[in-house]
Amino acid sequence: MSFEKLGLSEALLKAISKKGYTTPSPIQEQAIPAILEGKDVLASAQTGTGKTAGFTLPLLQRLSDKANRKFRPIRGLILTPTRELAAQVFTNVKEYSEFLDLRSAVIYGGVNQNPQVNAINRGVDILVATPGRLLDLHNQNLVSLKHVRILVLDEADRMLDMGFLRDIERIMKVMPERRQGLMFSATFSKPIKKLANGILNQPVQVEVTPENTTVESISQKIYRVAKTKKTGLIIKLISEGNWTQVLVFTRTKHGANRLCEKLGKNRIKSAAIHGNKSQGARTKALAGFKDGSISVLVATDIAARGLDIPLLPHVINFELPNVAEDYVHRIGRTGRAGASGEAISLVSADETAYLKDIEKLIGIKFPINIVEGFEPDPNASTEPIKQGQNRNQNSQPKKAKKKPSNGNFNNRNKTNNSGAGNRKRKRIRTK
Ligand code: AMP
């Protein structure tokens with residue numbers, strides 16, 4: 001299958017070729033023709049599948065077919081849950097529309113609204129937005145959605161997890177009823193289906209079959225360690241392994257800050273990325289991580305969502321997540337694009353129940369590794385940490401444990417626990 005056969009215009013093919021893509025990803029193969037036909041689409045897809053091009057390319061084509069050069073109302077609206085994802089999607093929109101006469105802008109919270117308003121006032125065909133800032137500007141009468149023809153909800157499941165349902169409903173009310181709707185979500189849970197029913201019209205359901213996936217290996221390893229010795233162990237692993245690009249997950253914002261300080265004292269260049277950081281600081285941290293000036297990025301779960309960090313060799317769970325599915329999302333940050341990756345978890349006694357949940361979810365029983373000098377504390381309680389301390393940065397309610405889904409659509413859905421006993425392998429979703 002080639003991009004030409006999908007029915008994309010010359011201008012788009014030129015931009016695709018400039019990006020260096022040669023063949024459409026499975027999600028693109030299925031979504032692009034349906035969207036070009038004007039159909040609503042409900043797709044299971046996550047970061048790493050090529051979903052952004054999957055909706056952006058046909059959206060651009062449809063909007064450029066009927067471009068109005070004099071009056072440029074917003075005709076394409078892409079909603080994303082996080083600022084980072086909005087910025088990433090916007091970059092893609094700009095790249096893919098390079099050879100088209102279409103204008104785009106991005107808006108999100110945490111930064112001054114004036115440059116965003118100025119951009120909108122200059123006239124934009126496509127707006128990428130997070131729901132909160134969009135509503136905020138709409139309430140101030142600074143943006144109109146009356147001419148939206150195509151609406152994309154990207155990472156819809158995350159939007160619901162982050163409590164954006166009411167915002168989304170409000171946004172729907174200020175848009176024309178007749179429009180094309182595209183929804184992308186990693187899971188097809190009941191609330192997602194309900195949301196889809198409310199905003200999509202007889203959608204084509206797009207799911208990539210397992211045959212289309214490429215096996216990728218993520219080696220998973222567990223170290224049992226005393227809580228007080230985790231910092232020492234992580235410093236040892238990073239320094240002795242000479243690791244230069246490591247994504248570390250902590251459960252709390254404070255934990256992320258504390259760990260960063262300690263890494264700094266040990267001459268390991270690190271930065272924290274979480275909800276208390278300004279957008280500028282988050283962007284800078286991510287840029288530093290990508291260009292190699294920072295070797296360790298310490299993140300909380302929500303902050304890490306939607307980040308596109310290619311070819312990440314190491315992910316470390318400094319603390320296990322209290323929601324087993326988040327483990328799958330976290331480790332999905334490694335071993336991207338066909339490269340192999342390593343996911344390491346430091347597990348103290350109070351995380352025993354979380355570890356069991358994870359093992360149950362992914363169908364793996366991990367062998368225990370212990371590093372000399374960093375042994376677990378035999379007297380420590382296996383009682384899980386108290387609820388209040390487990391909350392992640394947006395204080396969102398604890399998610400109910402979900403069953404793993406067998407729907408499968410990309411090359412990161414399989415894990416190979418080569419670092420662990422290879423008991424049973426289940427396909428799992430990563431984010
Ligand atoms: P996404 O799932 O949209 O976040 O995309 C993940 C990564 O895959 C991004 O870095 C894209 O630039 C890249 N990508 C998207 N489509 C293709 C394709 N057809 N071939 C190669 N890379 C692609």
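A: In this predicted model, six strands form an open sheet in the order 8-13-12-9-11-10, and the pairing is parallel. Strand 8 (218-224) and strand 10 (270-273) are the edge strands, each pairing on one side only. On average, neighbouring strands of this sheet are turned by 20° against each other, direction ignored. Strands of a sheet pair through backbone hydrogen bonds, in either the parallel or the antiparallel sense.

Start with strand 12 (residues 314-317). On one side, strand 12 pairs with strand 13 (residues 341-347). The two run parallel and are joined by four bridges. Here Val315 stands opposite Ala343 of strand 13. Strand 12 also pairs with strand 9 (residues 246-249), again in the parallel sense and over four bridges. In that pairing, Val315 is the bridge partner of Leu247.

Now step on to strand 9. Four bridges link strand 9 to strand 11 (residues 296-299), and these two strands run parallel. Leu247 stands opposite Leu297 in strand 11. So where do the side chains of strand 12 point? In a regular strand, side chains alternate between the two faces of the sheet. Strand 12 has His314 and Ile316 pointing one way. Val315 and Asn317 point the other way. All four of these residues are buried, and buried here means under 20% relative accessible area.

Helix 11 (residues 253-265) lies across strand 9, strand 10 and strand 11. Helix 11 runs at about 175° to strand 10.

Helix 11 also has a helix partner, helix 10 (residues 230-241). Two packed helices are described by the angle between their axes and the distance between the axes. The axes of helix 10 and helix 11 come within 11 Å and cross at roughly 50°. The two helices are therefore oblique to each other. Their crossing is right-handed. On the helix 10 side, the contact includes Thr231, Ile234 and Ile235. They meet Leu259, Lys262 and Leu263 in helix 11. By class, this contact has four nonpolar residues, one polar and one charged.

Notes. Residues are numbered from 1 along each chain as its sequence is written. This is a predicted model: local features need pLDDT of at least 70, side-chain atom pairs count only at pLDDT 80 or more; totals for chains, interfaces and linings use all residues. Side-chain values use heavy atoms; hydrogens and water are left out. Buried means under 20% relative accessible area, exposed over 50%, partly exposed in between (1.4 Å probe, protein chains only). Two strands pair if DSSP finds at least two bridges between them. Axes are lines fitted to C-alpha atoms, for helices over the stretch in contact, and angles run from 0 to 180 degrees between N-to-C directions. Angles under 35 degrees count as roughly parallel, over 145 as roughly antiparallel, 65 to 115 as roughly perpendicular and the rest as oblique. A crossing is left-handed if the near helix is turned anticlockwise from the far one by less than a right angle, and right-handed if clockwise. Contact means heavy atoms within 4.5 Å. Ala, Val, Leu, Ile, Met, Phe, Trp, Tyr, Cys and Pro count as nonpolar, Asp, Glu, Lys and Arg as charged, and the others, Gly among them, as polar.
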